[in-house]
Amino acid sequence: MRMDIPARGGAAFLLAQLGAHAATAFAERISAIGLTPPQAGLLRLLATEPGRSQRELADRLGMPPSRFVPFADELEGRGLIERRRNAGDRRLYALHLTEQGTALLGELQQAGRAHEEQICRGLSPEEHRQLTALLRQVAEEQGLTPGVHPGFRTVGSGEANPTSSFNS
C-alpha cells in the first residue's frame with residue numbers, strides 16, 4: 001500500500017518534530033527546579049513503584065545496572081531518594097523517595113501539568129482526549145512501556161540523546 005506523504009511531513013515526522021520540541025521545552029521547564037528529565041522520570045517511577053530494587057528499576061527503565069547505580073547515587077546524594085535494605089533479601093537495596101524527594105515531586109507534577117497545557121493549548125478538551133488516546137494506541141502497538149521514556153537506555157552512556165525527556 002502506497003501512502004502519499006504531504007510535503008510538510010506525515011504523522012511520523014510530525015510526532016518526531018513535536019517530540020523533540022516537547023522534550024526541549026520540558027527539560028528547560030524542570031531545570032528551574034533542579035532536575036534533568038531522566039531524574040524526573042526516576043522520581044515519578046519511585047512514587048508509583050516504591051521499594052523496588054536497583055536491579056528491578058534498571059530493568060524497568062531499560063537501563064544497564066552499571067549506569068543506574070551512579071545515576072541513583074546522585075539523587076541519593078541530593079537527599080531525594082534513599083536506599084534501604086530489602087527485608088526479603090538482605091543483599092538488595094530498596095529505593096524510596098525521601099520527604100525532600102516527595103516535595104520536589106509535587107513541584108515536578110505542577111511543571112508537568114503546565115507543560116501539558118502549553119503543548120496542547122491549541123486543542124479543545126475533547127481533541128486533547130482523542131489525541132492522547134490515539135497516541136497511547138500507537139505507543140502500545142509499537143511495544144513501548146507505558147510511562148517509561150526510551151531515552152533511559154542511553155542515560156550515563158555518553159551517547160547524545162536529544163529526546164531524553166520524561167514528561168508527566
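Biologist: What makes the nonpolar surface patch of about 300 Å²?

Modeller: In this predicted model, the patch is made by Leu-15, Leu-123, Leu-131 and Leu-135, where a patch takes residues with over 30% relative accessible area and no salt bridge, joining like charges within 9 Å and nonpolar side chains (Val, Leu, Ile, Met, Phe, Trp, Tyr) within 5 Å. The areas come from the Shrake-Rupley method with a 1.4 Å probe, and for residues only the protein chains shown count as cover.

Biologist: Why is Leu-15 called partly exposed?

Modeller: Its relative accessible area is 42%, and since buried means under 20%, exposed means over 50% and partly exposed lies in between (1.4 Å probe, protein chains only), Leu-15 falls in the middle class. Leu-15 is found in helix α1, residues 11–31, helices being DSSP runs of H or I with at least four residues and strands runs of E with at least two, numbered from the N terminus.

Biologist: How do you know whether α2 and α4 are parallel or perpendicular to each other?

Modeller: Helix α2 (residues 37–48) and helix α4 (residues 65–77) pack at an angle of about 85°, with their axes 11 Å apart; the axes are lines fitted to C-alpha atoms, for helices over the stretch in contact, and angles run from 0 to 180 degrees between N-to-C directions. Angles under 35 degrees count as roughly parallel, over 145 as roughly antiparallel, 65 to 115 as roughly perpendicular and the rest as oblique, so α2 and α4 are roughly perpendicular.

Biologist: Which residues of α2 and α4 meet?

Modeller: Pro-38, Gln-39 and Leu-42 in α2 meet Phe-68, Phe-71, Glu-74 and Leu-75 in α4, contact meaning heavy atoms within 4.5 Å.

Biologist: What makes the pairing of Arg-52 and Glu-49 a salt bridge?

Modeller: Their side chains meet at 3.3 Å, N to O, and a salt bridge requires a side-chain nitrogen of Lys or Arg within 4 Å of a carboxyl oxygen of Asp or Glu. Arg-52 also meets Glu-56 in a salt bridge, at 3.8 Å. By accessibility, Arg-52 is partly exposed at 34% and Glu-56 is partly exposed at 38%, whereas Glu-49 counts as buried at 16%.

Biologist: Why does Arg-83 fall in its accessibility class, and which residue does Arg-83 meet in a salt bridge?

Modeller: Arg-83 counts as buried because its relative accessibility is 18%, while its partner Glu-76 is partly exposed at 32%; their side chains meet at 2.4 Å, N to O. Elsewhere, salt bridges with shared partners join Glu-49, Arg-52, Glu-56 and Arg-60 into one network, and a search of the whole structure finds seven salt bridges.

Biologist: What describes the chain overall?

Modeller: Six helices and three strands run α-α-β-α-α-β-β-α-α from the N terminus on, and 32% of the 168 residues are buried.

Biologist: How are the residues numbered, and which confidence limits apply?

Modeller: Numbering starts from 1 along each chain as its sequence is written. Local features need pLDDT of at least 70 and side-chain atom pairs count only at pLDDT 80 or more, although totals for chains, interfaces and linings use all residues, and side-chain values use heavy atoms, with hydrogens and water left out.
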